[in-house]
Amino acid sequence: MQQQTAQSSAIVGIAERIIFHNADNAYTVLNVTIKDSTLSLEDEINVIGLMPNITEGEEYEFIGQLIEHPKYGEQFKVSTYKKKLPSDYDAVVKYLSSDLFHGVGLKTAQKVIESLGNDALERIYNNEAVLEEVNIKDTLKTTIYKGIVENRATQDIMIQLNEWGIGPEASVKLYKTYKEETVARIQENPFRIVKDVRGIGFHTADKLAQNMGMSYDHPERIYAGLIHTIDQFCHQEGHTYITSFEWVMLTDELLDLSNDESLYKEHILQLIERQDIFQDEDRYYIPQLYYAERRASKLLRQMVEDEQHVESGFDQSHIEETIGELEDELGIEYSSAQRDVLSNFMDHSIVILSGGPGTGKTTVINGIVNLYLRLTDAPIELSEYDDEEDFPIRLCAPTGRAAKRLNETTGLMASTIHRLIGYGIDSSETDELDTEINAELIIVDEMSMVDTYLFYQLLQCIQPGTKIIFVGDEDQLPSVGPGYVFHDLIQSKCFNHTRLDRVYRQQEGSSIVHLAHQMKNGEHIDIRQKYKDRTFIQCHQDEIADKIDWAVSSGISRGRDKSEFQVLAPIYRGSAGINRLNQVLQNRLNPKDPTLNEIKINDDLLYRVGDKVLQLVNRPNDQVFNGDMGIIQTIDDGVVTVDYQGNSVEYQRKDLIEITLAYACSIHKSQGSEFPIVIMPVVKGYYRMLQKSILYTGITRAKESLLLIGEPEAFNIGLSNNNIVRYTHLSEYIKEQFKAVDVNHREYKEQIEVDHDEDDLHEHQDENIARPFVQQVNQNEFENIHPSIGCEEVSPYDFMQK
């Protein structure tokens, strides 16, 4: 038997029956009759692990560990395995006459063994020519040789990868990608696996390269390090490009070469020549992000160019009259800024509407929908259309929960952007989609969550003549993915933009909305003040979990439903992290019940029927997307069924990495959602996650009640940290596009609605203000700024009175 480590054991036996096999990841449950073992075992055992190409009836040697499964009992978990070539007459005949060797029957197999002996398989594997001694057809000789080599190749590849330090899961992925060429391809360049095999990153490849003896300063390692650095910088930090200084610095920290800048720049030039990287001045892009920013700006220009050649065809007085009719029917009175949006959106292909909570964005969306349908004489009720797809307006949002909220507030069908653009299970964020959105008007809500990839894919699918309205709160967190799209659209100053700042009277009783606007306006805040809908409980970080448990328990005892509570936190680890809080809340809100099934994932995580869970990745075919929340309906034989508000989705055990408990979730994941009661811990232990935009986003998720728990000093630190820095160039690319054409047919206007006291509301007049972009400079940079910046051609005499 193969040599084992001190922690591993070995079993030699016959694979009697494959109980379960997953073709995607090769996870297999196998019943084995034991012939030999380093352990004291019964005659048979179930062997589990990642095992491609197992054949029932064959003999194998398994290396691994004996484990105890809570439900299935004693099992042997495999780390590596190999097929044992049969060596006695009957076994060899049976092997050669099996389905592995097409066309080789019992008589042919017997001829081979009688000519070459019981060790025929080993002799053939080592030297194909020995088959010349057997009187059979040449085609059968080829079939026998190829069959022996191919079956032996799989186990040899897995063993070699294991010797190089690659685990079973990664080994299966590599074999499924390269097949029999796996070892040869990796020996050519171990870093190729980062690009070729999804789910294998730089660090795995680097470990592999070092185990193979590759030098630390090998060119392929430097190339791979540069690519990994820019990829992480963009996809983890949200930038769309990197500067040369940061690229070199971060790559050198990764590779630990302590080399001078020139070495890296030589490799950067090679990456540019190979078009693995694109350069624009001192901005370096991965190709997909470069194309997304560039092409998105061109598509926006094209939409505005199309607008210039088409008049709305509606008399302004007719529009104003229809707005008045709407006000009478709905029993509302639009503010001058809201009325301005309604009056003018028909004249623009692109309109931006921004504002904080309670400022009437939903009121305007409803007004736009109703006004458009009336002006175009389109039926208002969906039932009047033969097909829902014929409805001229599409409402969408980045997440399922945001789309559902849009549906609830407008009464119209709303979908995720992914669904609208036909994003399927085989789609990726970098695909060029060919969906054509059949709509005259598209309204996109929660635009702050839209990243550069999704924005470009949406624009690709919009047909000429379609109007689009982007709606969002620019003070919320930017997208999880690369880019700062909503901010860049506003900063470009190339589109009609209205910012709603006034909080309306029906919202004035909410201290939560008032707090959000205090934060937006940079006002002084004493977070310890208590209101009927907002409270701050002061405690240390180690007390957070107990305080939250107490708060939820108290709320339930007062008659609140457990589904109303949502805890939001910015980090996962630690005593006040999401993982710990989920454990506490699961025990409080869905404790162990012997009548309900549960499934254990690891020592720190299990799921029970009734648990609230969060989807972590997009599942387009099941219409479930990253950020959607659901309730576990059933757990049956390892299959978990989750109800997403009427949409039931099944998860095999291997798929459970796609979900997590959702009693507590990250503030990023909560974007686009609202909850009746939000509990938000705020402690200094959150370090760099204490940011104004994170606090603002979390606070504005609360509809009825907000409970902040932790340290007031931590909240104040977050308020003072208002530096969202994202390297993007979309705004400048848009400006370049608009300079290249005559886009002054309709004047750009930014409408700022100013909040007034109630007594002054009737005197309020909107102002057309184009707010300048203000570059924030930190204190350390002041000394590097010339005192006469901007006055190079000005002298004191220019200020003297004549």
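Biologist: How many of the 10 residues of helix H20 (residues 511-520) are buried?
Modeller: Buried means under 20% relative accessible area, exposed over 50% and partly exposed in between, using a 1.4 Å probe and protein chains only. Helices (H or I, at least four residues) and strands (E, at least two) are DSSP runs, numbered from the N terminus. Helix H20 is largely enclosed by the rest of the structure, because its count of buried residues is nine.

Biologist: Before we go on, what pLDDT do local features need here?
Modeller: Residues are numbered from 1 along each chain as its sequence is written, and side-chain values use heavy atoms, with hydrogens and water left out. This is a predicted model, where totals for chains, interfaces and linings use all residues, side-chain atom pairs count only at pLDDT 80 or more, and local features need pLDDT of at least 70.

Biologist: Back to H20: which helices and strands are included in what covers its buried residues?
Modeller: The buried residues include Ile512, Val513, Leu515 and Met519, but also His517, Gln518 and Lys520. Their cover includes strand E14 (534-538), helix H24 (692-699), strand E25 (702-710) and helix H25 (712-720).

Biologist: Zooming out, what share of contacts between residues at least 6 apart in sequence joins residues at least 24 apart?
Modeller: The chain has 26 helices and 27 strands, and buried residues are 50% of its 802 residues. A contact is a pair of heavy atoms within 4.5 Å. For contacts between residues at least 6 apart, the share joining residues at least 24 apart is 66%.

Biologist: Are H9 and H11 roughly parallel or roughly perpendicular?
Modeller: Helix H9 (residues 219-237) packs against helix H11 (residues 261-273) at an angle of about 75°, with the axes 10 Å apart. Axes are lines fitted to C-alpha atoms, for helices over the stretch in contact, and angles run from 0 to 180 degrees between N-to-C directions. Under 35 degrees counts as roughly parallel, over 145 as roughly antiparallel, 65 to 115 as roughly perpendicular and the rest as oblique. That makes the H9 and H11 pair roughly perpendicular.

Biologist: Which residues of H11 make that contact?
Modeller: On the H9 side, the contact uses Pro219, Ile222, Tyr223, Leu226 and Ile227. Facing them from H11 are Leu263, Tyr264, His267, Ile268, Gln270 and Leu271.

Biologist: Which residue in E21 does valine 642 stand opposite?
Modeller: Strand E20 (residues 639-644) and E21 pair in the antiparallel sense over five bridges. In E21, the residue opposite valine 642 is valine 649.

Biologist: How many residues apart are arginine 405 and glutamate 674?
Modeller: A salt bridge is a side-chain nitrogen of Lys or Arg within 4 Å of a carboxyl oxygen of Asp or Glu, and the whole structure has 36 of them. Arginine 405 and glutamate 674 form one at 3.4 Å, N to O. The pair links helix H16 (residues 400-410) to the loop between helix H23 (667-670) and strand E24 (675-682), parts of the chain at a separation of 269 residues.

Biologist: Which residues are joined with Glu736 into one salt-bridge network?
Modeller: Start in helix H26 (residues 730-739), where lysine 735 and glutamate 732 are three residues apart, about one turn of the helix. Bridges with shared partners put Glu736 in a network with Asp280, Glu281, Arg283 and Arg294.

Biologist: What is the phi of glutamate 281?
Modeller: Most residues other than glycine have a negative phi. Glutamate 281 is in the loop between strand E6 (278-280) and strand E7 (283-285), and counts as exposed because its relative accessibility is 60%. Although not a glycine, glutamate 281 has a positive phi of about 55°.

Notes: Two strands pair if DSSP finds at least two bridges between them.
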